[in-house]
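Hello,

Here is the structure I promised to pass on. Please have a look, then read my notes below.

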Amino acid sequence: MIKVVITGSNGLLGQTLLDLLIPDGKYQIHGFSRGPSRYPVDGFQYHTVDLSDKIQVDAALAAISPNFIINTAAMTHVDVCDSNREACDIINVQMVSWLVEYCKLSNAHLIHLSTDFVFDGKNGPYKETDTTNPISYYGLSKLRSEETILSSKINFTILRTILVYGLVRDMSRTNIVLWVLKSLKTGKPITVVHDQYRMPTNAKSLSEACKLAMEAKRNGIFHISSSRLMSVYQIAVTVAKTFGLNSDLISPISSLELNQPANRPPKTGFYIEKAVKELGFAPKTFEEELLEFKANYDDSTFNL
Ligand SMILES: NC(=O)c1ccc[n+]([C@@H]2O[C@H](COP(=O)([O-])OP(=O)(O)OC[C@H]3O[C@@H](n4cnc5c(N)ncnc54)[C@H](OP(=O)(O)O)[C@@H]3O)[C@@H](O)[C@H]2O)c1
C-alpha cells in the first residue's frame with residue numbers, strides 16, 4: 001500500500017482528496033487536522049495534529065512513514081494572514097520547512113499546494129517560469145514556502161492553483177460558488193468585483209491533479225486551474241445563470257470601492273500546458289465544471 005498523509009484533511013481540498021483517494025483502494029491514507037475529523041467516513045485514519053507544533057508534526061510523521069505528503073493545510077484567509085502575520089508564518093512557511101526536513105530524511109515525496117497570489121496580477125495569465133512578486137502577506141508566505149522546497153534536495157511537486165470552490169461534507173469556510181448560491185437562493189443582493197480576473201478551480205479537478213502528481217512523481221512547479229480567464233463578477237453571473245437564479249441581484253463593484261484589507265492581484269490566470277503535457281491534467285472551462293458541480297449539488301449538505 002502507498003502511504004499518503006494529507007495535511008488539512010478537514011479542509012475543502014483535504015475532504016475532496018479523501019472522496020477521491022479512499023475508493024481507489026491502493027492508498028493507506030492518513031489525515032492530519034485540528035480537533036475532531038469533519039469527514040465521517042471509514043477508509044482512512046484521522047490524526048488530530050496541531051500543524052503549528054513541530055513536535056506533534058514530527059511525531060505523527062515518524063509513526064506513519066508516508067511515501068507521499070500532500071500539504072493542503074495553510075492559513076488561507078488572505079486578510080487574516082495580513083493581520084496575523086506571526087501565525088501565518090508558522091503554518092504557511094515554518095510547517096512546510098518541517099515537512100521538507102522529514103522528506104529529506106525519509107525520501108518521501110512532498111506535494112505542496114500554492115497559489116496565483118505569488119504573482120502581482122499586473123500581467124496574467126502566468127507561466128510557471130514567470131517572475132513572482134506577491135502583493136499580500138498570504139502570497140509572500142506561500143512564495144517563501146515554495147522557496148524552501150525549491151532550495152531543498154527533496155522530491156517535490158508544487159501545484160499552484162486559483163480561487164478554489166467545491167462542496168464537501170462539513171464545510172468550515174465558504175467559497176465563491178457557495179457564497180453566490182446561498183445569497184441568491186435567499187434573495188440577498190451581492191456586490192462582486194468586476195476588475196479582478198481569475199481562472200476558478202474546482203476542488204475535484206485539483207484533487208485529481210494531486211493524484212496525477214503522485215502517479216507522475218515529477219519534480220517541479222505546475223499550474224492547475226480551469227482554462228478561461230473571467231472577472232469575479234462574470235464568475236458570479238455564470239453561477240446564477242447555471243443554477244437558474246436571479247443575476248439581477250449581483251452588482252459589479254470596483255476593487256477600489258470594495259476596499260478589502262489586504263491587496264489582491266488584479267489579473268492572474270495560468271497557462272496550464274505544462275500540467276497537461278507532463279501530468280496528464282485535463283483542463284475544463286468553468287462552465288463545464290460548474291455543470292458537473294450542479295449535477296452533484298445538494299442544498300441539504302450545505303451547512304454554511
Ligand atoms: N481556497 C482557495 O481559493 C485557494 C486558492 C489558491 C491556493 N489555495 C491553496 O490550496 C490549499 C488548500 O486550500 P483549501 O481551500 O482546501 O483550504 P482550507 O479549506 O482552508 O483548508 C485548510 C485546512 O488546513 C487546516 N489547518 C490550518 N491550520 C492548521 C493547524 N495549525 N493545524 C491543523 N490543521 C490546520 C484547516 O483547519 P481548520 O478547518 O480547523 O481551520 C483546514 O482544514 C492551501 O494550501 C491554499 O493555500 C487555495
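Is Asn 259 buried or exposed? Asn 259 has 8 other C-beta atoms within 10 Å. Exposed means 12 or fewer, so Asn 259 is exposed. The residue sits in the loop between helix H9 (255-258) and helix H10 (273-279). Its backbone stands out too: phi of Asn 259 is near 55°, a positive value in a residue other than glycine.

Please keep in mind that this is a predicted model.

Overall build

The protein chain has 11 helices and 13 strands. Its C-alpha atoms fill a box of roughly 55 × 40 × 40 Å along the principal axes. The radius of gyration is 19 Å; for 304 residues a compact globule would come near 19 Å, so the two agree. Of the 304 residues, 46% count as buried. Take the contacts with a separation of 6 or more: residues 24 or more positions apart account for 79% of them.

The core

The largest nonpolar core has 86 residues. Leu 110, Leu 159 and Ala 209 have the most contacts inside it. Helix H4 (residues 85-106) gives the most to this core, with eight residues. What does Leu 110 touch, leaving out residues up to four places away in sequence? The list is Ile 69, Asn 71, Leu 99, Val 100, Cys 103, Ile 149, Ile 154 and Phe 156.

The ligand

There are 26 residues around the ligand. Gly 8, Gly 11, Leu 13, Leu 51 and Ala 74 come nearest. Two elements give two or more residues to this shell: helix H1 (12-24) and strand E5 (109-115). H1 gives the most, with three residues. By class, the shell has 11 nonpolar, 11 polar and four charged residues.

Helix H11

H11 covers residues 286-295. Which of its residues are buried? Phe 286, Glu 289, Leu 290 and Phe 293 are. Seen down the helix axis, the buried residues fall within an arc of 100°, so they line one face of H11. Leu 291 and Ala 295 are exposed, on the other side of the helix. The buried residues of H11 pack against several elements. These are helix H6 (176-185), strand E10 (201-202), helix H7 (203-216), strand E12 (230-231) and helix H8 (232-242).

Glu 287 is also in H11. It has 13 other C-beta atoms within 10 Å, so Glu 287 is partly exposed. Glu 287 and Arg 228 are 59 residues apart in sequence. In space, their C-alpha atoms are 9.6 Å apart.

Backbone points to check

Lys 217 has a positive phi of about 50°, although it is not a glycine. Lys 217 lies in the loop between H7 and strand E11 (220-224). Why does Lys 217 count as partly exposed? Because it has 13 C-beta neighbours inside 10 Å, and partly exposed is the class between 12 or fewer (exposed) and 20 or more (buried).

The bond from Gly 124 to Pro 125 is cis, with omega near 0°. Pro 125 is in the loop between E5 and helix H5 (137-150).

Best wishes

Notes:
Residues are numbered from 1 along each chain as its sequence is written. This is a predicted model: local features need pLDDT of at least 70, side-chain atom pairs count only at pLDDT 80 or more; totals for chains, interfaces and linings use all residues. A residue is near a molecule or strand if its C-beta atom, placed from the backbone, lies within 6 Å of it. Helices (H or I, at least four residues) and strands (E, at least two) are DSSP runs, numbered from the N terminus. Ala, Val, Leu, Ile, Met, Phe, Trp, Tyr, Cys and Pro count as nonpolar, Asp, Glu, Lys and Arg as charged, and the others, Gly among them, as polar. The radius of gyration is taken over C-alpha atoms; the globule rule is 2.2 Å times the number of residues to the power 0.38. Two residues are in contact if their C-beta atoms, placed from the backbone, lie within 7 Å. A nonpolar core is a set of buried Ala, Val, Leu, Ile, Met, Phe, Trp, Tyr and Cys residues joined through C-beta atoms within 7 Å. The arc is that of the directions from the helix axis to the C-beta atoms.
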